[in-house]
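Dear colleague,

Please find below the structure that I am handing over to you, followed by an account of what was found in it.

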Amino acid sequence: MKLKTLGLVIASVALLFTACGAAPDSVTSDSLLSGAPASESNGVAMKSETIGNETWYHVETEAQLRAIADNDTTLAQNYIQHADITLTSEWISIGEDEHPFTGKYNGNGYVISGLYYPASEKEYTGLFGYAKGGEMYNITLISPDTANANGTHNGAIVALCLGGGGAHDNAVLDEAPSERQACKAE
């Protein structure tokens, strides 16, 4: 009887993951972003996974987060954050009018802290500067320093988002939450 019950529980959990899309179709070891040469992606390797028919790159470090802005190829990918990230130097926004962010970024309930802008920031000031059809969601910023945010368009998460997509389910907090969200993609 116990074995039969255990089998039903395992089958139910597997069905739940499949129905919710929580389980990736495949997880790949570290690889350069979309096969871009090291010179184009600063040699930053990221784990990737395929969910449905989309490839998602894991963002776990400051270097990986910064690499998103490297070129048009990296600006067009899908990303999912898998760790809290503390920025240690001035932030240059991801995307600008000639090279917008067109991919997806899922903060996945993790936080980004230490964000501050240089005094000479570009026209678009935000974690994401300019997005065109891009989606940014589940992002949590902790105490971003916006004192130097003097662009034409300013926003903590995204300065300007056009062409569909958008930013939703994000938070900007004064301090880190004391308890984590119960549901994160693993």
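Gln64 is found in helix 3. In this predicted model, Gln64 has a relative accessible area of 8%, and because buried means under 20%, Gln64 counts as buried. Its side chain reaches the backbone oxygen of Ala45 at 2.8 Å. Leaving aside neighbours within four places in sequence, Gln64 is in contact with Val44, Ala45, Met46, His58 and Val59.

Helix 3, which spans residues 62-67, also supplies at least two residues of the largest nonpolar core. That core has 26 residues, and those touching the most other members are Leu65, Phe101, Tyr105, Leu127 and Phe128. Strand 3 (54-59) and strand 9 (128-132) likewise each supply at least two of its residues. In soluble globular proteins, nonpolar side chains tend to be buried together.

Thr74 is buried, with a relative accessible area of 0%. The C-alpha atoms of Thr74 and Thr102 are separated by 9.3 Å, while the two residues are 28 apart along the chain.

As for the whole protein chain, it has four helices and 15 strands. Of its 186 residues, 39% are buried. Among contacts between residues at least 6 apart in sequence, 73% join residues at least 24 apart. The accessible surface comes to about 9,800 Å², and 54% of this surface belongs to carbon and sulfur atoms.

With kind regards

Conventions: Residues are numbered from 1 along each chain as its sequence is written. This is a predicted model: local features need pLDDT of at least 70, side-chain atom pairs count only at pLDDT 80 or more; totals for chains, interfaces and linings use all residues. Side-chain values use heavy atoms; hydrogens and water are left out. Buried means under 20% relative accessible area, exposed over 50%, partly exposed in between (1.4 Å probe, protein chains only). Contact means heavy atoms within 4.5 Å. Accessible areas come from the Shrake-Rupley method with a 1.4 Å probe; for residues, only the protein chains shown count as cover. A nonpolar core is a set of buried Ala, Val, Leu, Ile, Met, Phe, Trp, Tyr and Cys residues joined through side-chain atoms within 4.5 Å. A polar contact is a pair of N or O atoms within 3.5 Å; within protein, one must be able to donate a hydrogen and the other to accept it, and residues adjacent in sequence count only if both atoms are side-chain atoms.
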